[in-house]
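Hello,

I am passing a structure on to you, as you have not worked with it before.

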Amino acid sequence: MNCGGRIERAVCESVTLPLHVRSRYVVFGDCHRGTGNMSDNFLQNRHLYAAALKHYCAENFFYLELGDGEELWENRSQERIMECHSDMYDIFRCLKAHGRYCRIYGNHDMELKRILPEGICLKNQEGGRDIYIIHGHQADFFNSACWRLSRFLVRYLWKPLELFGVNDPTSAARNYRKVHKYEKCMVQAAKRMDSYLLAGHSHRPHLMEGELYVNAGSCVHPQGITAIEIEHMQMSLVKWIVGSKKDGTLYVEREVLMADVPIL
């Protein structure tokens, strides 16, 4: 099956949520939550993420996570990850209890496919295009069809080498040639479906008016975390960073990178 076929399969197996003028969704992806050790790339941004999460809870947003929530290629135990970041999982449980939480799986948490859907469809009830949310590994043969081999290489080869600054060449997030090929496949799939296709996987955020392919970015960038906000039938790309006041006090700041792109 080619990348287009894998994307269409994920879209067909999506769970459906309503999208209307009163909807408030926030989409995060590629958190790669680990166990708090040196290879836990999420650890550097956990306070930013916690602050953002509390903000969206207080503002009554519906939380959507588009895959690679847990780093289960480098770590074998989801329970240890949940223990390390227990404060965030407490918030997830609260959101879930109030019907404001949904997540799908990606390649780095593929083990959860038995309990999680592969995609989410935000069904447009205002007459415009639907928004399909997938992780995006479907456009990457090595990380979808060969995910067990990829996991083996990451767990036993690239994880130890990462401590010495060696990047994983199989990762779309660290290989610009793969990123370009990935984005081309996603753009073509979105045009073919004539629907918005919101993904992650490449860790490269993207939102442009007039374009159907959207990317939420990631929560493991050294300069902050990014997310897509959906409100009033518009999408915005935002970044949460650490700011500083004149007296040197640090604070968490929400920066808007692209605002109010209409969902048509």
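Predicted model: local features only at pLDDT ≥ 70, side-chain atom pairs only at ≥ 80, totals over all residues.

Here is what turned up on salt bridges.

Residues are numbered from 1 along each chain as its sequence is written, and side-chain values use heavy atoms, leaving out hydrogens and water.

The structure contains 16 salt bridges (a side-chain nitrogen of Lys or Arg within 4 Å of a carboxyl oxygen of Asp or Glu). One of them joins Glu 231 to Arg 24, with the closest N and O atoms 2.6 Å apart. Glu 231 is in strand β9 (residues 225-231) and Arg 24 in strand β2 (residues 24-28), so this pair ties together parts 207 residues apart in sequence. Helices (H or I, at least four residues) and strands (E, at least two) are DSSP runs, numbered from the N terminus.

Another salt bridge pairs Glu 70 with Arg 103, at 2.9 Å from N to O. Glu 70 sits in the loop between β3 (62-65) and α3 (78-84), while Arg 103 belongs to strand β4 (residues 101-103), 33 residues apart. Glu 70 is buried at 0% relative accessibility, and Arg 103 is buried at 8% (buried means under 20% relative accessible area, exposed over 50%, partly exposed in between, with a 1.4 Å probe and protein chains only).

Best wishes
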